[in-house]
Amino acid sequence: MKTAVPCYYHLDVEVSPERVGQVSRILAAHLRYWDLENLVDPVCRGAELLLRAIDEHATDKHTSIEMWWNGQHLITAFGDDDPDLRPDQDLRSCLADIAAMSDGWGCCASDTGSKIIWFSQRARAGQRVPLVPTAPAPTLREGLTVPREEPVAVLAAPAPAGDDALEGSR
């Protein structure tokens, strides 16, 4: 049985029209390397839509792209720090297209004040593979000390030796 290893990829990009195609090819190469050929088209189309929208509407063109594969879902996320780029206004048509071609999507704020737009693609029934089990990591907890052995008082007399022991059992 084929098993899947969890995969992660991160890419920082300065968005420009000529970089859109280049980023799409980079993402496609990673998906092929992970044996996810069937997800190349929808992921690259979604990435191109978001990158073109960021190029058109954002003042800060720096974007971080991350992909996670867990054996059943591929999540692709785009993060930017542009406070002027509003997903509800500037990216409305782009997000509608992404929602139509992905299995799930969303937009959220991060702890640093940036926004993250993500979408997911689910592996179809015949393409799901179980994850490779990982060995548990050792813990750094302190073990309890075992109390000293206390001598136990002898409660029973020693068993008789020799023929006396046989006669008592008859």
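This is a predicted model: local features need pLDDT of at least 70, side-chain atom pairs count only at pLDDT 80 or more; totals for chains, interfaces and linings use all residues.
Residues are numbered from 1 along each chain as its sequence is written, and side-chain values use heavy atoms, with hydrogens and water left out. Local features need pLDDT of at least 70, side-chain atom pairs count only at pLDDT 80 or more, and totals for chains, interfaces and linings use all residues.

**Exercise 1.** Describe the largest nonpolar core and name the element that gives the most to it.

Solution. Start with the term: a nonpolar core is a set of buried Ala, Val, Leu, Ile, Met, Phe, Trp, Tyr and Cys residues joined through side-chain atoms within 4.5 Å. Buried means under 20% relative accessible area, exposed over 50%, and partly exposed in between (1.4 Å probe, protein chains only). The largest such core has 34 residues, and those with the most contacts inside it are Leu31, Trp34, Ile65, Met67, Trp69 and Leu74. Next, assign elements, where helices (H or I, at least four residues) and strands (E, at least two) are DSSP runs numbered from the N terminus. At least two core residues come from each of β1 (7-14), α1 (17-33), α2 (40-57), β2 (62-69), β3 (73-80), α3 (92-101) and β5 (115-122). Helix α2 gives the most, with eight residues.

**Exercise 2.** Determine the surroundings of Ile98.

Solution. Ile98 lies in helix α3 and has a relative accessible area of 1%, so Ile98 is buried. Contact means heavy atoms within 4.5 Å. Not counting residues up to four places away in sequence, Ile98 touches Gly46, Leu49, Leu50, Trp105 and Phe119. The C-alpha atoms of Ile98 and Gly46 are separated by 5.8 Å, although these residues are 52 residues apart along the chain.

**Exercise 3.** Find the aromatic pairs and classify each by its geometry.

Solution. Rings of Phe, Tyr and Trp (its six-membered ring) pair if their centres lie within 6.5 Å; planes under 30 degrees apart count as stacked, over 60 as edge-to-face and the rest as tilted. A search of the whole structure finds two pairs. Tyr8 and Trp68 are 5.7 Å apart centre to centre with 45° between the planes, a tilted pair. Tyr8 is in strand β1 and Trp68 in strand β2, 60 residues apart. Tyr8 is partly exposed, at 44% relative accessibility, and Trp68 is partly exposed at 33%. Phe78 and Phe119 form a stacked pair, with 6.4 Å centre to centre and 20° between the planes. This pair links strand β3, with Phe78, to strand β5, with Phe119, 41 residues apart. Both Phe78 and Phe119 are buried.

**Exercise 4.** Identify the nonpolar surface patch that includes Tyr8.

Solution. Patches are made of residues with over 30% relative accessible area and no salt bridge: like charges are joined within 9 Å, nonpolar side chains (Val, Leu, Ile, Met, Phe, Trp, Tyr) within 5 Å. Areas come from the Shrake-Rupley method with a 1.4 Å probe, and for residues only the protein chains shown count as cover. Tyr8, Trp68 and Ile75 form the patch, with about 270 Å² of accessible area together. Ile75 is found in strand β3 and is partly exposed at 31% relative accessibility.

Notes:
A salt bridge is a side-chain nitrogen of Lys or Arg within 4 Å of a carboxyl oxygen of Asp or Glu.
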